[in-house]
Amino acid sequence: MIMSESKVSLSCVAIAAHPFVKQMPDDVAAISAFLKSNGVDSEYSLLHDTRLRERVKAKEIDMLIVLGGDGTMLRAGHLCAPHQIPILGINTGKFGFLMEVKQDQWRKSLQKVLSGDFWLENRMMLKAEQWRKNEIIGEWEALNEIVVSRGMIVRPIQIDTYVDDRFLTTYVADGLIASTPTGSTAYALASGGPILPPELRNILLLPISPHLSVDRAIVLAEGATVAVTPRSDHQSVISVDGQDPIHIIEGDKITIHASEHTVQFVRMQDPGYFYRNLTPHMYNNPAIQQIL
(Lines give C-alpha, C1' and ligand atoms only; values in the text may rest on other atoms or scores of the structure.)
Protein backbone atom coordinates (compact mmCIF):
# COMPACT_ATOMS: atom_id res chain seq x y z
CA MET A 1 0.00 0.00 0.00
CA ILE A 2 1.13 3.52 -0.70
CA MET A 3 -0.38 4.97 2.49
CA SER A 4 -0.25 4.29 6.17
CA GLU A 5 -2.07 6.18 8.87
CA SER A 6 -0.33 9.15 10.49
CA LYS A 7 0.07 7.61 13.95
CA VAL A 8 3.37 9.34 14.58
CA SER A 9 3.48 11.08 17.94
CA LEU A 10 5.84 14.02 17.66
CA SER A 11 7.84 14.76 20.77
CA CYS A 12 11.29 15.11 19.20
CA VAL A 13 12.10 16.13 15.62
CA ALA A 14 15.52 16.47 13.99
CA ILE A 15 16.16 19.01 11.24
CA ALA A 16 18.99 18.45 8.80
CA ALA A 17 20.26 20.18 5.70
CA HIS A 18 22.64 19.52 2.86
CA PRO A 19 25.97 21.20 3.60
CA PHE A 20 25.63 23.55 0.62
CA VAL A 21 22.00 24.63 1.11
CA LYS A 22 21.69 28.41 0.83
CA GLN A 23 20.32 30.19 3.92
CA MET A 24 20.55 26.94 5.83
CA PRO A 25 21.30 28.52 9.24
CA ASP A 26 18.33 30.92 9.04
CA ASP A 27 15.82 28.37 7.79
CA VAL A 28 16.66 25.52 10.13
CA ALA A 29 16.88 27.80 13.15
CA ALA A 30 13.46 29.27 12.31
CA ILE A 31 11.93 25.82 11.87
CA SER A 32 13.44 24.64 15.15
CA ALA A 33 12.08 27.68 16.98
CA PHE A 34 8.65 27.15 15.43
CA LEU A 35 8.55 23.53 16.59
CA LYS A 36 9.71 24.38 20.08
CA SER A 37 7.03 27.07 20.35
CA ASN A 38 4.51 24.31 19.62
CA GLY A 39 5.86 21.98 22.29
CA VAL A 40 8.07 19.79 20.07
CA ASP A 41 11.68 19.30 21.06
CA SER A 42 14.02 19.78 18.10
CA GLU A 43 17.63 20.21 17.12
CA TYR A 44 19.32 20.88 13.80
CA SER A 45 22.50 19.89 12.06
CA LEU A 46 23.95 18.91 8.71
CA LEU A 47 22.79 15.58 7.31
CA HIS A 48 26.16 13.88 7.70
CA ASP A 49 26.54 14.96 11.34
CA THR A 50 27.64 12.08 13.58
CA ARG A 51 25.29 12.97 16.45
CA LEU A 52 22.29 13.02 14.11
CA ARG A 53 23.15 9.59 12.77
CA GLU A 54 23.57 8.21 16.28
CA ARG A 55 20.18 9.60 17.34
CA VAL A 56 18.47 8.15 14.28
CA LYS A 57 19.99 4.72 14.90
CA ALA A 58 18.90 4.89 18.55
CA LYS A 59 15.38 5.90 17.43
CA GLU A 60 15.52 8.98 19.63
CA ILE A 61 13.63 11.11 17.09
CA ASP A 62 10.10 10.76 15.70
CA MET A 63 10.62 12.51 12.37
CA LEU A 64 13.45 13.92 10.27
CA ILE A 65 12.89 17.19 8.42
CA VAL A 66 15.42 17.70 5.64
CA LEU A 67 16.20 20.81 3.60
CA GLY A 68 17.73 20.32 0.17
CA GLY A 69 16.88 18.59 -3.09
CA ASP A 70 16.31 15.06 -4.28
CA GLY A 71 19.88 14.00 -3.52
CA THR A 72 19.36 15.07 0.09
CA MET A 73 16.18 12.98 0.25
CA LEU A 74 18.04 9.94 -1.06
CA ARG A 75 20.69 10.31 1.64
CA ALA A 76 18.00 10.80 4.28
CA GLY A 77 16.21 7.69 3.03
CA HIS A 78 19.38 5.61 3.39
CA LEU A 79 19.75 6.85 6.95
CA CYS A 80 16.14 6.57 8.15
CA ALA A 81 14.70 3.53 6.37
CA PRO A 82 16.35 0.86 8.57
CA HIS A 83 14.92 2.59 11.66
CA GLN A 84 11.43 3.42 10.27
CA ILE A 85 11.73 7.14 10.87
CA PRO A 86 9.50 9.28 8.57
CA ILE A 87 11.06 12.03 6.47
CA LEU A 88 9.57 15.41 5.54
CA GLY A 89 11.36 17.17 2.67
CA ILE A 90 11.53 20.94 2.27
CA ASN A 91 12.77 21.83 -1.19
CA THR A 92 15.72 24.21 -1.35
CA GLY A 93 17.30 22.44 -4.33
CA LYS A 94 16.80 22.63 -8.09
CA PHE A 95 14.31 19.89 -8.92
CA GLY A 96 12.70 18.52 -5.80
CA PHE A 97 10.75 15.66 -7.38
CA LEU A 98 10.73 13.81 -4.06
CA MET A 99 10.19 16.85 -1.86
CA GLU A 100 6.84 17.66 -0.27
CA VAL A 101 7.10 21.29 0.85
CA LYS A 102 8.19 24.45 -0.95
CA GLN A 103 10.73 26.50 0.94
CA ASP A 104 8.39 29.45 1.53
CA GLN A 105 5.49 27.27 2.72
CA TRP A 106 7.03 25.33 5.58
CA ARG A 107 5.05 27.10 8.36
CA LYS A 108 1.68 26.17 6.87
CA SER A 109 2.84 22.63 6.19
CA LEU A 110 4.26 22.11 9.68
CA GLN A 111 0.95 23.27 11.16
CA LYS A 112 -0.69 20.40 9.29
CA VAL A 113 1.91 17.95 10.50
CA LEU A 114 1.46 19.05 14.11
CA SER A 115 -2.31 18.61 13.82
CA GLY A 116 -1.86 15.11 12.38
CA ASP A 117 -3.10 16.10 8.93
CA PHE A 118 -0.65 13.99 6.93
CA TRP A 119 -0.06 10.45 5.69
CA LEU A 120 2.98 8.27 5.20
CA GLU A 121 3.97 7.15 1.73
CA ASN A 122 5.95 3.91 1.65
CA ARG A 123 8.65 3.55 -1.01
CA MET A 124 10.51 0.32 -1.68
CA MET A 125 14.28 0.04 -1.73
CA LEU A 126 16.66 -2.35 -3.45
CA LYS A 127 19.58 -4.20 -1.94
CA ALA A 128 22.73 -5.06 -3.89
CA GLU A 129 25.48 -7.46 -2.91
CA GLN A 130 28.89 -7.81 -4.55
CA TRP A 131 30.15 -11.40 -4.51
CA ARG A 132 33.74 -12.44 -5.08
CA LYS A 133 34.77 -16.10 -4.76
CA ASN A 134 31.54 -16.98 -2.92
CA GLU A 135 31.96 -14.21 -0.37
CA ILE A 136 30.07 -10.93 -0.05
CA ILE A 137 32.61 -8.11 -0.17
CA GLY A 138 30.13 -5.25 -0.25
CA GLU A 139 26.42 -4.56 0.16
CA TRP A 140 24.31 -1.45 -0.33
CA GLU A 141 20.71 -0.25 -0.39
CA ALA A 142 19.21 2.07 -3.00
CA LEU A 143 16.07 4.17 -3.14
CA ASN A 144 16.51 5.09 -6.82
CA GLU A 145 18.71 2.63 -8.66
CA ILE A 146 21.68 0.31 -8.78
CA VAL A 147 23.76 0.64 -11.94
CA VAL A 148 26.35 -1.79 -13.26
CA SER A 149 28.24 -0.06 -16.04
CA ARG A 150 31.50 0.58 -17.87
CA GLY A 151 34.08 2.76 -16.22
CA MET A 152 35.87 5.73 -17.77
CA ILE A 153 36.80 3.89 -20.97
CA VAL A 154 34.06 4.52 -23.52
CA ARG A 155 33.44 0.99 -24.76
CA PRO A 156 30.49 -1.31 -24.06
CA ILE A 157 30.71 -4.18 -21.63
CA GLN A 158 28.95 -7.53 -21.67
CA ILE A 159 26.56 -8.18 -18.78
CA ASP A 160 25.38 -11.76 -18.25
CA THR A 161 22.00 -11.42 -16.55
CA TYR A 162 19.96 -14.01 -14.64
CA VAL A 163 16.52 -13.68 -13.00
CA ASP A 164 15.75 -16.19 -10.24
CA ASP A 165 18.69 -18.33 -11.39
CA ARG A 166 17.36 -18.51 -14.96
CA PHE A 167 19.41 -16.99 -17.76
CA LEU A 168 17.74 -13.88 -19.19
CA THR A 169 20.22 -12.42 -21.68
CA THR A 170 23.68 -10.99 -22.18
CA TYR A 171 23.46 -7.25 -22.60
CA VAL A 172 26.10 -5.52 -24.70
CA ALA A 173 25.75 -1.98 -23.45
CA ASP A 174 27.24 0.88 -21.50
CA GLY A 175 25.48 -0.54 -18.45
CA LEU A 176 22.37 -1.96 -16.84
CA ILE A 177 20.02 -0.09 -14.50
CA ALA A 178 18.05 -1.91 -11.81
CA SER A 179 15.54 0.65 -10.59
CA THR A 180 12.76 1.00 -8.06
CA PRO A 181 9.51 2.75 -9.04
CA THR A 182 10.95 5.83 -7.33
CA GLY A 183 14.00 5.62 -9.58
CA SER A 184 11.86 5.25 -12.69
CA THR A 185 11.71 9.06 -12.85
CA ALA A 186 15.48 9.40 -12.43
CA TYR A 187 18.32 7.81 -14.45
CA ALA A 188 15.99 5.14 -15.85
CA LEU A 189 13.71 7.81 -17.31
CA ALA A 190 16.68 9.57 -18.90
CA SER A 191 17.63 6.24 -20.47
CA GLY A 192 14.21 5.78 -22.07
CA GLY A 193 12.49 3.69 -19.44
CA PRO A 194 8.80 3.75 -18.42
CA ILE A 195 7.44 5.75 -15.50
CA LEU A 196 6.17 3.56 -12.67
CA PRO A 197 3.87 5.00 -9.98
CA PRO A 198 5.52 5.09 -6.55
CA GLU A 199 3.09 2.70 -4.88
CA LEU A 200 4.27 -0.23 -7.01
CA ARG A 201 6.83 -2.68 -5.67
CA ASN A 202 8.59 -3.82 -8.82
CA ILE A 203 12.15 -3.97 -10.10
CA LEU A 204 12.77 -2.23 -13.42
CA LEU A 205 15.64 -3.51 -15.59
CA LEU A 206 16.87 -1.21 -18.32
CA PRO A 207 20.04 -1.35 -20.46
CA ILE A 208 22.02 1.84 -21.10
CA SER A 209 22.86 2.43 -24.78
CA PRO A 210 22.57 -1.23 -25.78
CA HIS A 211 24.43 -2.26 -28.92
CA LEU A 212 22.83 -5.02 -31.04
CA SER A 213 21.31 -6.63 -27.93
CA VAL A 214 18.05 -6.48 -25.95
CA ASP A 215 17.02 -2.84 -25.85
CA ARG A 216 13.69 -2.95 -23.98
CA ALA A 217 12.89 -2.36 -20.33
CA ILE A 218 11.71 -5.33 -18.29
CA VAL A 219 9.52 -4.99 -15.19
CA LEU A 220 10.04 -7.76 -12.62
CA ALA A 221 8.00 -8.80 -9.61
CA GLU A 222 9.05 -7.61 -6.17
CA GLY A 223 10.23 -11.07 -5.15
CA ALA A 224 12.62 -11.50 -8.08
CA THR A 225 16.37 -11.76 -7.65
CA VAL A 226 18.61 -10.40 -10.40
CA ALA A 227 22.19 -11.62 -10.74
CA VAL A 228 24.58 -9.89 -13.14
CA THR A 229 28.16 -10.70 -14.05
CA PRO A 230 29.89 -8.04 -16.16
CA ARG A 231 32.59 -9.12 -18.60
CA SER A 232 35.06 -6.61 -19.97
CA ASP A 233 38.64 -6.23 -21.12
CA HIS A 234 38.77 -2.74 -19.60
CA GLN A 235 36.64 -1.46 -16.68
CA SER A 236 33.29 -2.04 -15.00
CA VAL A 237 31.80 -0.48 -11.88
CA ILE A 238 28.72 -0.47 -9.68
CA SER A 239 27.06 2.77 -8.57
CA VAL A 240 24.29 3.07 -5.99
CA ASP A 241 21.96 6.08 -6.11
CA GLY A 242 24.55 8.10 -7.99
CA GLN A 243 27.26 7.75 -5.36
CA ASP A 244 30.93 7.16 -6.09
CA PRO A 245 31.45 4.03 -8.23
CA ILE A 246 32.80 0.78 -6.79
CA HIS A 247 35.24 -1.17 -8.93
CA ILE A 248 34.24 -4.63 -10.20
CA ILE A 249 36.86 -7.18 -11.22
CA GLU A 250 36.42 -10.04 -13.67
CA GLY A 251 34.37 -12.81 -12.10
CA ASP A 252 32.51 -10.63 -9.59
CA LYS A 253 28.77 -11.17 -9.38
CA ILE A 254 26.22 -8.53 -8.35
CA THR A 255 22.90 -9.73 -6.92
CA ILE A 256 19.96 -7.34 -6.64
CA HIS A 257 16.64 -7.85 -4.87
CA ALA A 258 14.02 -5.94 -2.90
CA SER A 259 15.25 -4.66 0.45
CA GLU A 260 13.49 -5.45 3.70
CA HIS A 261 13.55 -1.72 4.45
CA THR A 262 11.02 0.87 3.30
CA VAL A 263 11.43 4.64 3.15
CA GLN A 264 8.54 6.64 4.64
CA PHE A 265 7.84 10.08 3.21
CA VAL A 266 5.51 12.49 5.00
CA ARG A 267 2.81 13.65 2.58
CA MET A 268 0.04 16.25 2.91
CA GLN A 269 -1.11 16.26 -0.71
CA ASP A 270 -3.80 13.84 -1.82
CA PRO A 271 -2.55 10.46 -3.12
CA GLY A 272 -3.04 11.59 -6.72
CA TYR A 273 -0.28 14.18 -6.36
CA PHE A 274 2.20 12.06 -8.34
CA TYR A 275 0.26 12.34 -11.60
CA ARG A 276 -0.67 15.97 -11.04
CA ASN A 277 2.97 16.96 -10.52
CA LEU A 278 4.43 14.73 -13.20
CA THR A 279 4.00 16.97 -16.26
CA PRO A 280 5.17 20.20 -14.58
CA HIS A 281 8.32 18.44 -13.43
CA MET A 282 8.93 16.85 -16.83
CA TYR A 283 8.81 20.09 -18.79
CA ASN A 284 10.34 22.54 -16.35
CA ASN A 285 13.85 21.32 -15.72
CA PRO A 286 15.47 23.99 -13.55
CA ALA A 287 18.96 23.00 -14.72
CA ILE A 288 18.01 24.05 -18.26
CA GLN A 289 16.40 27.25 -17.02
CA GLN A 290 19.50 28.23 -15.12
CA ILE A 291 21.66 27.80 -18.22
CA LEU A 292 19.24 29.84 -20.28
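**Figure 1. The loop that holds D164.** D164 sits in the loop that runs between β10 and β11, the latter strand covering residues 166-173. In this predicted model, the phi angle of D164 is near 50 degrees, which is a positive value in a residue other than glycine. The relative accessibility of D164 is 37%, so this residue counts as partly exposed.

**Figure 2. The loop that holds L212.** L212 is found in the loop between β13 and β14, where β14 comprises residues 218-220. Its phi angle is likewise positive in a residue other than glycine, with a value near 50 degrees. L212 has a relative accessible area of 81% and is therefore exposed.

Figure 3. E141 belongs to strand β8, which extends over residues 135-142. With a relative accessible area of 19%, E141 is buried, because the limit for that class is under 20%. Leaving out residues up to four places away in sequence, E141 touches H78, P82, M125, L126, K127, V240, D241, S259 and H261. One of these neighbours, H261, is also joined to E141 by a polar contact of 2.9 Å between the two side chains. As a distance reference for the view, the C-alpha atoms of E141 and R123 are 13 Å apart in space, while the two residues are 18 apart in sequence.

**Figure 4. S149 in strand β9.** S149 is placed in strand β9, and its relative accessible area of 13% makes it a buried residue. When neighbours within four places in sequence are set aside, the contacts of S149 are with I157, D174, G175, Q235, S236 and V237.

**Figure 5. The largest nonpolar core and a second one apart from it.** The largest nonpolar core contains 24 residues, and L126, I146, L220, V228, I254 and I256 are those with the most contacts inside it. At least two residues of this core come from each of β7 (119-132), β9 (145-150), β10 (157-163), β12 (175-179), β13 (203-208), β15 (225-231), β16 (236-240) and β18 (253-267). Another core, of 23 residues, lies apart from the largest one and includes V56, L74, I85 and L98. In soluble globular proteins, nonpolar side chains tend to be buried together.

**Figure 6. The whole protein chain, as context for the close-up views.** The secondary structure of the chain amounts to 7 helices and 18 strands. Among contacts between residues at least 6 apart in sequence, 69% join residues at least 24 apart.

**Figure 7. Confidence along the predicted chain.** The average pLDDT of the protein chain is 90, and 91% of the residues score at least 70. Residues 1-6 have a pLDDT below 50, and this stretch makes 18 contacts in the model beyond near neighbours in sequence.

How values were computed: Residues numbered from 1 in each chain as written. Predicted model: local features only at pLDDT ≥ 70, side-chain atom pairs only at ≥ 80, totals over all residues. Heavy atoms only, no water. pLDDT = per-residue confidence, 0-100. Contact = heavy atoms within 4.5 Å. Helix = DSSP H or I, 4+ residues; strand = E, 2+ residues; numbered from the N terminus. Buried < 20%, exposed > 50% of the residue type's maximum accessible area, 1.4 Å probe, protein only. Polar contact = N/O pair within 3.5 Å; in protein donor to acceptor, adjacent residues only side chain to side chain. Core = buried A, V, L, I, M, F, W, Y, C linked by side-chain atoms within 4.5 Å.
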